[in-house]
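Here's a quick tour of a protein model for you. Have a look at the picture first, then work through the points below.

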Amino acid sequence: MPIADLPRPDAVALAHSASVVRAVRAAIEAADGWIPFERYMDIALHAPGLGYYAAGATKLGAAGDFTTAPEMTPLFGAALACQVDAILRTTAGREILELGAGSGRLAHDLMIALAERGAAPTRYAILEPSPDLAARQRATLAALPPDLGARVTWVSALPAQVDGAILANEVLDAIAVHLVARTGGRYVERGVAEDERAGTLVFADRPAPEPLAALAGQRFPPAIDYCSEFNPAAEALVQELGRILVGGALLIVDYG
């Protein structure tokens, strides 16, 4: 779609966008003129009160910017309940931890479907870094029957262990990534700087730190210039989830 055909943001959205840009520029200035793309993405998505997931705009559903499977139909939760039921039956704890629960629709539909199967979990914990989304989740899950609603809780950090199922639906792709390029045999990290003459933010490269360069050396196709993203934070999260999962299974769903 040509950019001219996109709807123009209203005054509130434009003011919010300007605030985000100021935050990015402040970060660039504080870092001597350059920040890695990972830092830029983290500000844009998660900065308290500013980032896309941390501010108040509607994200999910018909009134938002995009939709995911749980927002479209309860059948997604019902289908997932088949796997979660089987997982919970192998564990003594029979608990669920969901990371980044969006609007709470998946948690709602999954709890209903599990209860219908006689497989309701002992606890359904939600780890949600966005206060805005956590409030929406509470509103959605308030519609659960009281006996199911009483099993839902919100946690501020990963628990020491989970004995049951860990769910992450559309979570990993919201974790900020590093951009690394190989040009003429050199590895560079792509970041963001300010073009003071034009008054715009621009991509800028710096030599890649050794850990990122080594990772690129292992994963890039050989002997050609190449650019790709790396997400050490997402990989570390999956490793940590595996460590705390003392029984059961981890289910990760991403569409891209």
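Two strands count as paired if DSSP finds at least two bridges between them. Helices (H or I, at least four residues) and strands (E, at least two) are DSSP runs, numbered from the N terminus. The model is a predicted one, where local features need pLDDT of at least 70, side-chain atom pairs count only at pLDDT 80 or more, and totals for chains, interfaces and linings use all residues. Residues are numbered from 1 along each chain as its sequence is written, and side-chain values use heavy atoms, with hydrogens and water left out.

- Five strands make an open sheet in the order 4-3-2-5-10, and their pairing is parallel.
- Strand 4 (152-155) and strand 10 (245-253) sit at the edges with a single partner strand each, so one side of each has no neighbour in the sheet.
- Strand 2 (residues 95-99) and strand 5 (residues 162-169) run parallel and are joined by five bridges.
- Leu99 stands opposite Ala168 in strand 5.

**Helix 9**
- Helix 9 (residues 232-244) has 13 residues, which should span 18 Å at 1.5 Å a residue (the expected span is 1.5 Å times one less than the number of residues); its end C-alpha atoms are 18 Å apart, which agrees.
- Its buried residues (under 20% relative accessible area, with exposed over 50% and partly exposed in between, using a 1.4 Å probe and protein chains only) are Ala234, Leu241 and Ile244.
- The face turned away from the buried side of helix 9 carries exposed Gln239 and Arg243.
- The buried residues of helix 9 pack against strand 2, strand 5 and strand 10, where contact means heavy atoms within 4.5 Å.
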